[in-house]
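Here is a short note for your review. Please read it with the structure open.

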Amino acid sequence: MPERPLHDQVAVVAGATRGAGRGIARMLGEAGATVYCTGRSVQGRPATPGRPETLEETAELVTAEGGRGIAVRTDHTIEAEVEQLFARVRAEAGRLDVLVNDIWGGDALTEWGTPFWRLSIARGKEMLERAVHTHVITSRHGAPLMVERNAGLIVEVTDGDTFGYRGNLFYDLAKNAVARLAYAMAADLHAHNVTALAVTPGFLRSEAVLDHFAVTEASWREAIEKDEYFAESETPCFVGRAIAALAADPHVAGKSGGLFSSWELAREYGFNDVDGRRPDWGSFFLGKVREILARDAPPDEMDLFVVRSRLYQAELDPAAAGEAERLRAWIDRHA
């Protein structure tokens, strides 16, 4: 593969201010792409309370990686601003090769541990507007640039590589909806040789997560004492390299409509995280489930959450019917 396989390509990363979006933009830059980095937080106008990151910083990181970063403030809930974004891409670049939808903004709106009949409808509606409607609006106005050329890749970034329940109704709707968007868009785009698919990271060491554990990227291992699952975490650049590898794959159309994980794409394409590791969240998680089931000690709340999460996955897999039955019986004994 060429050192800069995307050197002549143009990408838009929607939601590039921080987290996975920033890592994706950086790694598309590492592959040589021109990357339009969009979102709402710019210098002097932060949009997320308590977060200092800006689009200008992301664009600078893209350029430092070897690409060309361009910061464009865009509120993706406002259709006119999205139209202006793609009009600018058309005028300046004349093409669009990769569109990544990573807009989220739902952390503060998620009411974990609350059954759906007690959830705030207003907060749930806002989450879906931020995390789903923005993706629809953005793809609606970005896809025509690809359809015109009969080429392109649209990536929906989600959380989780199965359609199992994610523990909160609105969160589940948002994360499953964008994976379904990829599948639906793939059907419409098939005749135009444009690929749409969904990708999930594992346990992401975003800026906010590092702050939560009071560690830095250099000292992140110190947080494993607080959360043993953090041991298999990944930087935002890991999923970024996954998407860059997909964009450089001449046979990516064979994946259209699918849902893929950073760890399985790392095995397929042979890349590592920027720290040299190759985390495998899927295998790690299954190993933790087996450990919990094998213990004699009563489970704690985290143990129950993990086993339930695996049950929700296994219930949707006909090949895992026996496992689902065993997990359900275990939960009935301990819940």
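**Cysteines, cores and a pocket**

1. Cys 237 is buried, at 3% relative accessible area. The model is a predicted one. Cys 37 is buried as well, with a relative accessibility of 0%.

2. How many disulfides are there by the distance rule? The count is zero. For Cys 37, the nearest cysteine sulfur belongs to Cys 237 and is 12 Å away. A disulfide needs sulfur atoms within 2.5 Å, so Cys 37 is in none. Cys 237 is likewise in no disulfide, its nearest cysteine sulfur being that of Cys 37.

3. The largest nonpolar core has 38 residues. Which members touch the most others? They are Ile 24, Leu 28, Val 35, Val 100 and Ile 243. Helix 7, residues 236-248, gives the most to this core, with nine residues. Another core lies apart from it, with 32 residues that include Val 10, Trp 104, Ala 143 and Met 146.

4. Val 100 deserves a look. Beyond its neighbours within four places in sequence, Val 100 is in contact with Val 12, Val 13, Ala 14, Ile 24, Leu 28, Val 155, Val 157 and Ile 243. Of these partners, Ile 24, Leu 28 and Ile 243 are also among the core members that touch the most others.

5. Now the second largest pocket. Its volume is about 330 Å³. The lining has 15 residues, and Gly 113, Gly 167, Phe 305, Arg 308 and Tyr 312 lie nearest the centre. Helix 10, residues 301-314, gives the most to this lining, with five residues. By type, the lining of the second largest pocket holds eight nonpolar, four polar and three charged residues.

How values were computed. Residues numbered from 1 in each chain as written. Predicted model: local features only at pLDDT ≥ 70, side-chain atom pairs only at ≥ 80, totals over all residues. Heavy atoms only, no water. Core = buried A, V, L, I, M, F, W, Y, C linked by side-chain atoms within 4.5 Å. Buried < 20%, exposed > 50% of the residue type's maximum accessible area, 1.4 Å probe, protein only. Helix = DSSP H or I, 4+ residues; strand = E, 2+ residues; numbered from the N terminus. Contact = heavy atoms within 4.5 Å. 1 Å grid on protein atoms, 1.4 Å probe; cavity = no way out; pocket = protein on both sides within 12 Å on 5 of 7 lines; lining within 4 Å. Points joined across faces, edges and corners; volume = space filled by probe spheres on them. Nonpolar A, V, L, I, M, F, W, Y, C, P; charged D, E, K, R; others polar.
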